[in-house]
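Here are a few exercises to work through with the model open beside you. Try each one before reading its solution.

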Amino acid sequence: MLGEGIIQGLLETARNFFGSYVDKKRLTTVQYPEERWALPEASRNFPILLYDGPDPDAGLRCVSCQICEKECPPRCIHIVKSKDKKPDFAGKQQFYPAVFDIDVSVCMSCQICVEVCPFDAIRMDKVFELSTTDRFGGLLWDKHELAKSNEYYHTIHPTEAAECDERRAKELADAKAKAAASAAAAAAKAAQAKDPAAAPPPHSTNGSLASTNGAAAPGKSELPKSEVKGTQ
Amino acid sequence: MTALPAQQAPLAGGPGLPPVEDIKAKIEAGVPGAVVAVIHNASPSAQHSLLLDAEHARDVALFLRDHPDLRLDYCSLMTGVDWLDTETTEKVKVKKVVDGPDGSQQETEVEEVRKTKHPGYLEAVYHLFSMEKKHGPVILRLRTANRTDQTHLPSLTPVWRSAEFQEREAFDLYGIIFDGHPDLRRILMWDGFVDHPMRKDYVPPADDALHPGVHA
Amino acid sequence: MTGPLLELDSVAGAGEIMEVSMGPHHPSTHGVFRMDVRLEGEKVVRLKPVFGYLHRNHEKIAEHGAYLSAIPYTDRLDYLCSMTNNWGYCLAVEKLAGIAVPERAEYIRVIVAELTRFQNHAGLVGFLLQDMGASGTPLMYAFREREKVLDLFESLSGARMMCNYMRFGGVRVDCTTAWLDEVRRLVPALPRFVDEFENLLRANEILMARTQGTGKLPRDLAINAGVTGPMLRASGVNYDVRKVDKYGIYDRFDFRVPLGDHGDVYDRYMMRILEMRETVKILEQALRDIPGGPIIDPKVRLRGLRPKAGEAYGRIESPKGELGFYLISDGSTNPYRYRVRPPSMINLTILEDMCLGENIADVVITLGSVDIVLGEVDR
């Protein structure tokens with residue numbers, strides 16, 4: 001019969017139409033903004049800078065190594081290194097960014113800055129309702145607009161944040177243990193030097209380092225390594 | 001590392017394709033006068049290519065397409081490449097006659113620094129496969145004499161229609177002029193555009209007042 | 001320029017010739033694409049495609065940055081299929097630098113690539129039927145399934161479309177058991193969806209009358225013009241890069257390659273439907289066999305990859321056709337030459353040949369069956 005194919009197709013449409021009153025799966029429209037779906041945990045939109053503790057300036061993790069600036073494909077990150085240093089979470093003196101700007105109108109949310117950061121300082125936020133009326137200034141975010149606390153990071157990416165905190169705690173503990181061990185070795189050497197029977201070593205400068213703020217230890221190994229999954 | 005042999009097998013060759021030197025020999029036998037050189041590829045992909053001379057390129061292409069063992073009926077990719085002028089310096093020991101301190105003439109060995117300028121060229125690279133025999137790639141290269149005034153190459157569009165748009169793109173972005181192309185005009189840039197953007201020495205024009213560029 | 005926009009020529013014995021510019025602002029040209037069509041009444045006498053409106057100079061950008069920086073830009077080539085674009089580029093770099101890929105990463109790549117192929121074909125059939133006048137119903141059904149696939153991509157890689165997921169020597173992030181279970185919940189429902197989708201319009205008389213015999217592409221012309229993908233197979237040529245090159249682990253999967261008889265629009269439409277079914281088969285096998293293990297080669301450097309000087313051409317079967325990347329390395333951190341083989345652009349070479357003598361209304365559906373995405377045509 002002519003038209004049979006059309007009727008078959010219309011039956012299919014009818015099944016979906018009337019079915020949508022009965023079956024939730026056939027009614028796929030989400031009435032945004034009254035109804036919002038939760039974004040998956042891995043979702044990403046634009047970068048944020050993380051800080052530990054209550055003060056964004058004192059606790060900012062970024063040490064201005066500028067690796068993210070170099071690796072960013074559209075070159076939307078602009079960093080100016082500070083002239084002085086401030087102590088980081090392990091107590092070591094580090095540079096910090098005097099200027100850290102991201103031009104969000106250029107950023108393509110590729111997440112490469114997050115992957116290459118060795119200090120867990122930059123992460124991706126999930127917020128997408130970001131429209132502004134200022135086309136140029138409103139989309140150029142500076143350090144203060146980008147800084148978000150570690151607690152906030154826990155609310156948006158709980159699994160990642162927990163794993164990151166665990167790793168940083170372990171690194172801090174390792175650094176402390178190393179400092180304690182070298183302090184003990186220095187104390188032993190100093191005691192040996194006071195002993196008239198033992199020959200004094202020509203330089204016993206290790207003793208001076210033990211008097212710094214405890215956690216810092218010489219050498220490269222206390223810098224937090226990046227835990228980029230499976231890559232180096 | 002549990003790497004599999006299948007994924008390590010190089011694409012070059014395939015089960016039925018003879019090695020590139022044999023293909024060169026076939027071409028030299030089948031197209032008299034053709035000048036063919038093997039360009040070795042140092043990367044692990046082992047995809048070596050054949051450098052052809054512009055005069056016989058079209059005949060070689062037809063030969064490769066119609067040869068019963070090769071049947072390279074599918075030109076997958078046509079690429080333009082820009083190689084800039086280079087200069088090599090080498091230290092050469094030459095014997096020279098110099099005046100000695102006492103007025104006599106002596107022959108001594110002197111080290112001279114020789115600078116040779118190698119003109120750059122534009123290159124057209126064709127990747128050929130066979131849909132009939134399911135082998136490939138065979139890579140052909142054609143080079144122009146220089147980058148300025150002698151930038152003509154024969155078009156292989158009459159042999160493989162798939163080169164039509166790609167040769168237009170090489171003309172548009174590199175400035176290689178393909179003789180024999182049915183419709184050689186710009187394809188990606190707009191019609192009034194001057195200059196060839198993909199060249200290595202291309203200087204982009206000024207963007208706007210915020211980014212004046214080098215021309216300002 | 002192809003001449004003035006409106007000119008009235010006379011061809012001996014025929015009527016007047018009218019030149020029409022279809023596009024670039026046109027709802028049915030799948031992007032900013034223009035066709036200068038010369039018509040004699042309703043019949044097409046000449047058709048010249050004009051594109052370059054979306055040219056973003058992707059190749060030069062990739063040559064100015066490191067090898068890693070090009071990966072997010074490849075997402076934006078064929079913007080509907082970012083996973084397969086990433087795979088094509090990573091395959092080319094792996095060939096260039098001699099990098100091996102662990103097994104689990106290969107399985108994950110196959111799973112995401114086949115999901116991409118599924119949502120691309122569903123979307124394409126939806127758009128093709130919309131071009132024919134079905135006003136969006138099949139498109140919305142296709143998008144309903146596509147949304148499920150995009151949600152999976154978001155929970156895996158963080159972004160729905162611009163995934164930036166593959167890396168040299170593997171993938172960026174491992175998929176969790178929860179994610180694999182989600183995919184295992186989705187895949188068994190897909191064959192039923194394809195049945196429903198096909199039933200909508202398979203026997204529809206209007207569809208058959210419009211598409212059968214329209215836009216015919218003869219076999220030899222298809223091979224010579226470098227046409228690849230479902231469009232080539234609709235003309236009866238058995239060439240699928242997954243079967244020819246067996247890249248990755250495709251030789252482990254049992255799937256068929258559908259072939260068409262006539263090379264017309266109807267065959268190309270059916271090609272996509274049949275390929276969707278084969279894709280589901282591959283997904284089932286991959287989900288069954290995926291092993292544990294590392295997801296990336298640990299020896300590969302993320303930053304500062306410097307392949308030895310040389311060149312490589314790597315290609316994959318993307319949903320549009322053969323997507324290839326040709327890389328020339330000069331030993332530095334940036335590629336010396338980076339070239340994309342865009343299947344959409346090369347499939348457009350014979351658009352004129354397919355449309356000559358057809359009505360102008362058929363130009364729209366012939367173009368729709370070619371399956372172009374302007375991000376790939378123009379780069």
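**Exercise 1. Count the salt bridges over all chains, then look at how three of them are placed.**

Solution. This is a predicted model, and it holds 64 salt bridges over all chains.

Step 1: start within one helix. The side chains of A:Arg15 and A:Glu12 meet at 3.2 Å, N to O. Both sit in helix α1 (residues 4–22) of chain A, 3 residues apart, or about one turn of the helix.

Step 2: go to chain B. B:Glu123 and B:Arg141 form a salt bridge of 2.8 Å, N to O. B:Glu123 belongs to strand β6 (residues 121–130) and B:Arg141 to strand β7 (residues 135–143), so this pair ties together parts 18 residues apart in sequence. Both B:Glu123 and B:Arg141 are buried.

Step 3: now chain C, where C:Glu59 and C:Arg379 pair up at 3.1 Å, N to O. C:Glu59 is in helix α1 (residues 58–64) of chain C and C:Arg379 in the segment after α16 (374–378), so the bridge ties together parts 320 residues apart in sequence. C:Glu59 and C:Arg379 are both buried.

**Exercise 2. Work out which chains touch, and describe the side of chain C that touches chain A.**

Solution. Step 1: sort the pairs. 2 pairs of chains touch, and chains B and C have the most contacts. Chains A and B share no contact; their closest C-alpha atoms lie 12 Å apart.

Step 1: size up C against A. Here 36 residues of chain C contact 36 residues of chain A. The buried area is about 2,900 Å², with carbon and sulfur atoms giving 51%. C:Glu205, C:Leu302 and C:Arg303 supply 19% of what chain C buries there, more than any other three residues.

Step 2: check the polar side. There are 2 salt bridges between chain C and chain A, one of them joining C:Arg167 to A:Glu115 at 2.4 Å, N to O. The interface also has 15 residue pairs in polar contact. On chain C's side, α5(C) gives the most, with 8 residues, and the residues divide into 15 nonpolar, 9 polar and 12 charged.

Key:
Residues are numbered from 1 along each chain as its sequence is written. Chains are lettered from A and ligands numbered from 1 in the order in which they are written. This is a predicted model: local features need pLDDT of at least 70, side-chain atom pairs count only at pLDDT 80 or more; totals for chains, interfaces and linings use all residues. Side-chain values use heavy atoms; hydrogens and water are left out. Contact means heavy atoms within 4.5 Å. Buried area is the accessible area (1.4 Å probe) that two parts lose on being put together, summed over both. A salt bridge is a side-chain nitrogen of Lys or Arg within 4 Å of a carboxyl oxygen of Asp or Glu. A polar contact is a pair of N or O atoms within 3.5 Å; within protein, one must be able to donate a hydrogen and the other to accept it, and residues adjacent in sequence count only if both atoms are side-chain atoms. Helices (H or I, at least four residues) and strands (E, at least two) are DSSP runs, numbered from the N terminus. Ala, Val, Leu, Ile, Met, Phe, Trp, Tyr, Cys and Pro count as nonpolar, Asp, Glu, Lys and Arg as charged, and the others, Gly among them, as polar. Buried means under 20% relative accessible area, exposed over 50%, partly exposed in between (1.4 Å probe, protein chains only).
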